[in-house]
Amino acid sequence: MKKLIIGIVASLLSVGVFAEPLTLEKRQPDTAMNVTSLELGADESIINAEGDMGVYGRVYVTFRLAYDEGRRSGTVYGSGRGATGNDIVIGNFSGRWEVIDGTVTMRHVVALSDGTFNLDVVTFRPVDRELIIKAYALK
């Protein structure tokens, strides 16, 4: 029995040797957004921002952060609109957020109306109102 357990553990550990590392390609350069409003609530806080996001044009986005019990992390969801020329791209997202060393970091998957998907990593430093979006292509 002991040899069977050791064999199973060894085979599970060897799977990692053959796995390919996950690499993500940036959809566009990192984008700084202007925070236009911040609404603090008992159950949820809302951040509104706008900025120029390369392939998506002028973007307006709302982040809704719901709190976990400790109020230093939770779920994030929201939507954004990007306008470029006569086209408007709509994106909806959901994921998780956390606060570490005074910076709010949000990680969420964005489903866009053009059929693409992004993994966004968003950092927000309330002390200097800096909000940076890093968009990685999933599809």
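Modeller: Let us begin with charged side chains: a salt bridge is a side-chain nitrogen of Lys or Arg within 4 Å of a carboxyl oxygen of Asp or Glu. Please keep in mind that this is a predicted model. Asp128 and Arg125 form such a bridge, with 3.4 Å between the closest N and O atoms.

Colleague: How many salt bridges does a search of the whole structure find?

Modeller: The search finds seven salt bridges. One of them joins the side chains of Arg64 and Glu44, at 2.9 Å from N to O. Arg64 belongs to strand S4 and Glu44 to strand S3 (residues 44-52), so the bridge ties together parts that are 20 residues apart in sequence. Arg64 is partly exposed, with a relative accessibility of 28%.

Colleague: Which residues are linked in a network of salt bridges?

Modeller: Glu50, Asp52 and Arg58 are linked in that way. Within this group, the side chains of Arg58 and Asp52 meet at 3.4 Å, N to O. Asp52 is exposed, with a relative accessible area of 53%, whereas Arg58 is partly exposed at 26%.

Colleague: How is a pair of aromatic rings described?

Modeller: The description uses the distance of the centres and the angle of the planes. Rings pair if their centres lie within 6.5 Å, and by this rule the count comes to two aromatic pairs. Phe63 and Phe93 form a tilted pair, with 5.5 Å from centre to centre and 50° between the planes. This pair links distant parts of the chain, since Phe63 is in strand S4 (residues 58-67) and Phe93 in strand S6 (residues 87-100), 30 residues apart.

Colleague: Why is the pair of Tyr67 and Trp97 edge-to-face?

Modeller: Planes over 60 degrees apart count as edge-to-face. The planes of Tyr67 and Trp97 stand at 75°, with the ring centres 6.0 Å apart, so the pair is edge-to-face. Here too distant parts of the chain are linked: Tyr67 is in strand S4 and Trp97 in strand S6, 30 residues apart. Trp97 is buried at 5%, while Tyr67 is partly exposed at 23%.

Colleague: Which charged end sits over the ring of Tyr67?

Modeller: That of Arg71, which is 3.8 Å from the ring centre. Arg71 lies in the loop between S4 and strand S5 (73-84) and is partly exposed, at 40% relative accessible area. Its backbone also deserves attention, for phi of Arg71 is near 65°, a positive value in a residue other than glycine.

Colleague: Where does Asp101 lie, and what is its phi?

Modeller: Asp101 lies in the loop between S6 and S7. Its phi is near 50°, again a positive value in a residue other than glycine. Asp101 counts as exposed, with 71% relative accessibility.

Colleague: With which residues is Thr105 in contact, leaving aside its neighbours within four places in sequence?

Modeller: Thr105 is in contact with Arg96, Trp97, Glu98, Val121, Val122 and Thr123. Thr105 is found in strand S7 (residues 103-112) and is buried at 13% relative accessible area.

Colleague: Which residues form a nonpolar patch on the surface?

Modeller: Leu22, Leu24, Val109, Phe117 and Leu138 form the patch, with about 450 Å² of accessible area together. Patches are made of residues with over 30% relative accessible area. Leu138, at 44%, is partly exposed, and its place is in the segment after strand S9 (130-137).

Notes: Residues are numbered from 1 along each chain as its sequence is written. This is a predicted model: local features need pLDDT of at least 70, side-chain atom pairs count only at pLDDT 80 or more; totals for chains, interfaces and linings use all residues. Side-chain values use heavy atoms; hydrogens and water are left out. Patches are made of residues with over 30% relative accessible area and no salt bridge: like charges are joined within 9 Å, nonpolar side chains (Val, Leu, Ile, Met, Phe, Trp, Tyr) within 5 Å. Accessible areas come from the Shrake-Rupley method with a 1.4 Å probe; for residues, only the protein chains shown count as cover. Helices (H or I, at least four residues) and strands (E, at least two) are DSSP runs, numbered from the N terminus. Buried means under 20% relative accessible area, exposed over 50%, partly exposed in between (1.4 Å probe, protein chains only). Rings of Phe, Tyr and Trp (its six-membered ring) pair if their centres lie within 6.5 Å; planes under 30 degrees apart count as stacked, over 60 as edge-to-face and the rest as tilted. A charge sits over a ring if NZ of Lys or CZ of Arg is within 6 Å of the ring centre and within 35 degrees of the ring normal. Contact means heavy atoms within 4.5 Å.
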